[in-house]
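Here is a briefing on a multi-chain protein model. It covers sheets, domains, chain contacts and charged pairs.

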Amino acid sequence: MSLLRINQLSKADMTALFAQAHEIEQGNYNREALRGKILIPMFFEPSTRTRLSFETAILRLGGQALPVPETNGLAISKGESLQDTIKVVSSFGDIIVMRHPTETALDLAAECATVPIINGGNGCDEHPTQTLLDLYTIQKEKGRIEGLHIGLIGDLKHARVMHSLAKGLAFYDVRLSLVSPPELSLPDDVRDVLRQRGSMFEETADLQSILGELDVIYMVMLQHHRISDPQTVQRLQQEYYCITPELLQTAKPDVIVLHPLVRRDEVSPEVDVLPNAAYFRQARNGVFVRMALLEQMLNHDFPGQKEKNRVF
Amino acid sequence: MSLLRINQLSKADMTALFAQAHEIEQGNYNREALRGKILIPMFFEPSTRTRLSFETAILRLGGQALPVPETNGLAISKGESLQDTIKVVSSFGDIIVMRHPTETALDLAAECATVPIINGGNGCDEHPTQTLLDLYTIQKEKGRIEGLHIGLIGDLKHARVMHSLAKGLAFYDVRLSLVSPPELSLPDDVRDVLRQRGSMFEETADLQSILGELDVIYMVMLQHHRISDPQTVQRLQQEYYCITPELLQTAKPDVIVLHPLVRRDEVSPEVDVLPNAAYFRQARNGVFVRMALLEQMLNHDFPGQKEKNRVF
Amino acid sequence: MSLLRINQLSKADMTALFAQAHEIEQGNYNREALRGKILIPMFFEPSTRTRLSFETAILRLGGQALPVPETNGLAISKGESLQDTIKVVSSFGDIIVMRHPTETALDLAAECATVPIINGGNGCDEHPTQTLLDLYTIQKEKGRIEGLHIGLIGDLKHARVMHSLAKGLAFYDVRLSLVSPPELSLPDDVRDVLRQRGSMFEETADLQSILGELDVIYMVMLQHHRISDPQTVQRLQQEYYCITPELLQTAKPDVIVLHPLVRRDEVSPEVDVLPNAAYFRQARNGVFVRMALLEQMLNHDFPGQKEKNRVF
């Protein structure tokens, strides 16, 4: 079973996964659990942390990583279709993690593949494993997810991590503040999921108006590479949000700042030294969560077929 | 001993190799057979399947792959000679698989190297491990190689896989149909090998005239990157062969279609669902055959020195 | 503890390291000594031998290498700071080897990293592990370092290997001849280290005047990529030194020729067949020395904190 979108999982699935990740973080795991298993990273967009995080995860469990050279090295440059590439690459490993600039490529790949595929980011759509590590981090940093007031701040339109995260948070009884300029607001289909699950959420462009109430500040950079007009990028960059130590003085003392990274100007480096800055711990948590996920998918057929057919 | 060309092997060598590959395919092999051994892929031309196939082969046997970054990352960009690079890289691994755009580079490399080199494709010359997996696939799909009527179809002039395969098939009692436009016909030196071994072969540009008699259809794409004139490429592409479900209705019901891949237009994707389409199984067989080959070369000094001096 | 410059080590440290490298070269080492450890190569400048040498070193000891894709694949291309990249990458491995075009980047990285960093070359500054293998090679080839007359020849200004090597040799009672055109002479700060340690050295532009006295000829190529003016490069290239078999007839019969490689014209390929040519053996020694270094740094906290604070 492939993992393409966060909605394939149930809340119980995630709870079990986080418990396993916690054990791994404590050092309680079998270093040879994935001996003989091969992960194939296929990144059609650049990546450092997602790809390396997955690679180190499989290595830490005794398995191997066999990355396909990035796009320009791919047979695709000889005119091969994505379907052919996936069919062949399926023969070379036990699981594929794939990133692609288009939204539909992952579904196409999962149809052709003879091994499970993990979505490592598909265009503006989803990035489900980022959400798993985000939720794990919130749980760990705040002791719970339920009952928190969480601000999703920035380019909610183009940032796939925000789409997966909003859907993932909708499993929990949280209050969401969606903070963005109107033209960068969360897409309708994601808001529909929030409504279907009865999530409490409000929208605003004014970060300061709600900052003092937040338990979690989740920032994302302006996805400038997804916006074609340079003038629009420039204008949006000027209006964009920026978390500074000064601004945090108006926030709850125990608020945590999360960020999927890469960071540009939206969180000042001066924040790094504050205990509120949880983003580097968050990146580190990605390894534990992905170790748990790979172990489940390769040794326990997770997520199961039943999960796939779950109706939300 | 390096493996540069298919003629270094005897028919008995190949039979033994295929028997071992078959055992591997059944799961009967030692997962730690190459523990501590390092394969170094050096690809001076892009490759997905050959490189990944070799890498997964060594990993499946408990060894490691240590790819040299593709050409632009090579010390060669600092002006280093191929000889110097090979001499140094020899210190870093136990066996090298190398692809190079020129025909002579592999011989040069094998002279300088202090470890065995496997030819992963040298210009328009040879690609011997592709032939090994091709022959293994024919044997497996048809139950035998002897007595078959095999069509080699397409750009027989530039496609190195066709040169190695024709020479490899000449060990067996088969009938070959060489199907190509006259200007893309099999080079004289390869035909000379066929003649020396007394192989039955005929040449034609007309695929339909012999299609109904074939047991094996082996297609290859127009090697457009080896043809300098764009107009020639365009003309040849228009005249080129294309296997479709309709065309296969005039073939034997149990004909198999092989292709080394990358595929472009010469086999329609609609053929994929037919049982005759064996090319994805063929790609998968590459892993088993290369596992057998690496195990033989690293643990059993295969092909032996005697083999090298064999006169054909 | 990171290893950024050769002066962090003591002579005793190096002696112990070379003894361990010698045992490794004899095959006396634990193939699983670094099982479960991950080395992360981060090369912001191209490299073949340094990177591959480190990677094979960790693999030979049962560990794993997880290279960060070269600069263009880095998150840095999305505008990420080096600090952020290092902080995140620290979570993914146990030790980092880093090369960077600027002198200060390694210090910055070592400050941010939560794992040890090895300097794989920082701009024109240092390349300490090259010096370790250079000294190991001299010791092995000549039976000793003390008492030798060693010529450092070529672009002593820009070549970081020369800076580290001069400082490393200053631990020993040797006589140094610094041979370069005046405008490519050894930087003042390196000469200051030689003076502080009371090293005997002389400077000349005339190789022939001292060639007959040398026990070791250490060549380096003109660092043309560090010189901005093409005319200057051309002029210096024409005046540059070149070791030939003819020239070696005026040298001691047992002189050895060393070179960190990549080589261009400064050592004629005709020298390769002479017993004096030690540069390919030198490259091979790099694996043994780096195996010893990685084992010490990962299993024995080498170089220790005390070493760091040593005053030279």
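Strand E1 (residues 38–43) of chain A pairs with E2(A) in the parallel sense, over 2 bridges. This is a predicted model, in which local features need pLDDT of at least 70, side-chain atom pairs count only at pLDDT 80 or more, and totals for chains, interfaces and linings use all residues. Residues are numbered from 1 along each chain as its sequence is written, chains are lettered from A and ligands numbered from 1 in the order in which they are written, and side-chain values use heavy atoms, leaving out hydrogens and water.

- Helices (H or I, at least four residues) and strands (E, at least two) are DSSP runs, numbered from the N terminus. Two strands pair if DSSP finds at least two bridges between them.
- In E2(A), Gln64(A) stands opposite Ile38(A).
- The open sheet has 4 strands in the order E2-E1-E3-E4 (chain A), with parallel pairing.
- Strand E2 (64–65) and strand E4 (117–122) of chain A are at the edges with a single partner strand each, so one side of each has no neighbour in the sheet.
- Helix H2 (residues 49–60) of chain A lies across E1, E2, strand E3 (95–100) and E4 of chain A. H2(A) runs at about 175 degrees to E1(A). Axes are lines fitted to C-alpha atoms, for helices over the stretch in contact, and angles run from 0 to 180 degrees between N-to-C directions.

**Two domains in chain A**

- The domain assignment gives chain A domain 1 (6–126 + 284–306) and domain 2 (128–282). Such bounds come from an automatic or database domain assignment.
- Taken over C-alpha atoms, the centres of domain 1 and domain 2 of chain A are 25 Å apart.
- In chain A, 31 residues of domain 1 are in contact (heavy atoms within 4.5 Å) with 28 residues of domain 2.
- The area buried between domain 1 and domain 2 of chain A is about 2,600 Å², with carbon and sulfur atoms giving 56%. Buried area is the accessible area (1.4 Å probe) that two parts lose on being put together, summed over both.
- Ile6(A), Phe18(A) and Asn285(A) supply 23% of the area that domain 1 of chain A buries against domain 2 of chain A, more than any other three residues.
- The rule finds 5 salt bridges across the interface of domain 1 and domain 2 of chain A. A salt bridge is a side-chain nitrogen of Lys or Arg within 4 Å of a carboxyl oxygen of Asp or Glu.
- Lys167(A) forms a salt bridge with Glu126(A), with the closest N and O atoms 2.7 Å apart.
- H1(A) gives the largest share of the side of domain 1 of chain A that touches domain 2 of chain A, with 7 residues.

**Chain A with chain B**

- The contact takes 22 residues from chain A and 26 residues from chain B.
- Chain A and chain B bury about 2,100 Å² between them, and 57% of it is on carbon and sulfur atoms.
- Across the interface of chain A and chain B there are 4 salt bridges by the rule. In the salt bridge of Glu80(A) with Arg49(B), the closest N and O atoms are 2.6 Å apart.
- Helix H3 (residues 82–89) of chain A gives the most to the side of chain A that touches chain B, with 4 residues.

**Chain C with chain A**

- Here 22 residues of chain C are in contact with 26 residues of chain A.
- The rule finds 4 salt bridges across the interface of chain C and chain A. Lys87(C) forms a salt bridge with Asp272(A), the closest N and O atoms being 3.2 Å apart.
- In the salt bridge of Arg263(A) with Asp84(C), the closest N and O atoms are 2.6 Å apart. This pair crosses between chains, from the loop between strand E9 (256–258) and H11 of chain A to helix H3 of chain C.

**Sheet in chain C**

- An open sheet of 5 strands runs in the order E7-E6-E5-E8-E9 (chain C), with parallel pairing.
- Strand E7 (200–204) and strand E9 (256–258) of chain C are the edge strands, each pairing on one side only.
- From one strand to the next, the twist averages 20 degrees.
- Strand E6 (residues 175–179) of chain C and E7(C) run parallel, joined by 5 bridges. Arg175(C) stands opposite Met200(C) in E7(C).
- Helix H7 (residues 188–196) of chain C lies across E6 and E7 of chain C, at about 145 degrees to E7(C).
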